[in-house]
Amino acid sequence: MLLLTLSQIVGYLINIIIILVIVQFVLSLLVSFNVISMRSNWVAAIWTSVSALLDPILSPIRRILPNTGAIDFSPLVLIVVLNIINIVLQNLAYSQMAA
């Protein structure tokens with residue numbers, strides 16, 4: 001039962017990280033297409049906060065991946081890896097409950 005609770009907590013944290021990755025992606029699109037400006041205080045504050053939270057996680061992935069120019073695949077790799085971790089933890093928790 002404890003492992004199930006821990007896997008649910010980790011799953012919740014993984015979902016928060018995935019939401020932050022999506023927020024950063026949408027914000028970067030809006031800035032690059034000049035829908036919003038980085039000169040705005042709230043946009044700069046959101047960008048700085050999200051980047052401060054995600055850069056420590058994305059930096060090791062960026063070092064491993066080959067340089068693809070303007071396209072950064074590290075957020076996609078992060079989402080896939082986090083989902084795999086979530087699936088493995090849930091299956092471990094459910095298998096322990098069945099035993």
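**Working through the model**

A: Leu 2 is placed in helix 1. Helices here are DSSP runs of H or I with at least four residues, strands are runs of E with at least two, and both are numbered from the N terminus. This is a predicted model, where local features need pLDDT of at least 70 and side-chain atom pairs count only at pLDDT 80 or more, while totals for chains, interfaces and linings use all residues. Residues are numbered from 1 along each chain as its sequence is written, and side-chain values use heavy atoms, with hydrogens and water left out.

Q: Is Leu 2 buried or exposed?
A: Leu 2 counts as exposed, because its relative accessibility is 63% (buried is under 20% relative accessible area, exposed over 50%, partly exposed in between, with a 1.4 Å probe and protein chains only).

Q: How far is Leu 2 from Ala 93?
A: Their C-alpha atoms are separated by 8.4 Å, and the two residues are 91 apart along the chain.

Q: And Met 1, where is that?
A: Met 1 is in the segment before helix 1. Met 1 is exposed, at a relative accessible area of 70%. From Met 1 to Ile 22 is 21 residues in sequence and 32 Å in space, C-alpha to C-alpha.

Q: New topic. What is the mean pLDDT?
A: The mean for the protein is 94, and 100% of its residues reach 70 or more. pLDDT is the predictor's confidence in each residue, from 0 to 100.

Q: Where does helix 2 bend?
A: Helix 2 bends by about 50 degrees at Asp 55, and Pro 56 follows within four residues. The bend at a residue is the angle between axes fitted to the seven residues ending there and the seven starting there.

Q: What span should helix 2 have?
A: Its 24 residues should span 34 Å at 1.5 Å a residue, and the end C-alpha atoms are 33 Å apart, which agrees. The expected span is 1.5 Å times one less than the number of residues.

Q: Which residues of helix 2 are buried?
A: Val 43, Val 50, Ser 51, Leu 54, Leu 58 and Ile 61 are. Pro 60, also found in helix 2, counts as partly exposed at 33% relative accessibility.

Q: What is the C-alpha separation of Ile 61 and Leu 78?
A: It is 7.6 Å, for residues 17 apart along the chain. Leu 78 is in helix 3 and counts as buried, because its relative accessibility is 4%.

Q: What about Asn 34, where does it sit?
A: Asn 34 is in the loop between helix 1 (2-32) and helix 2 (41-64). Asn 34 has a positive phi of about 55 degrees although it is not a glycine. Most residues other than glycine have a negative phi.

Q: Last one: which residues lie nearest the centre of the largest pocket?
A: Gln 24, Phe 25, Ser 28, Asp 72 and Pro 75 do, out of 16 lining residues. A pocket is an open set of points on a 1 Å grid over the protein atoms alone, where a 1.4 Å probe fits, with protein on both sides within 12 Å along at least five of seven lines; lining residues have an atom within 4 Å of a point.

Q: Which helix gives the most to that lining?
A: Helix 1 does, with 7 residues.
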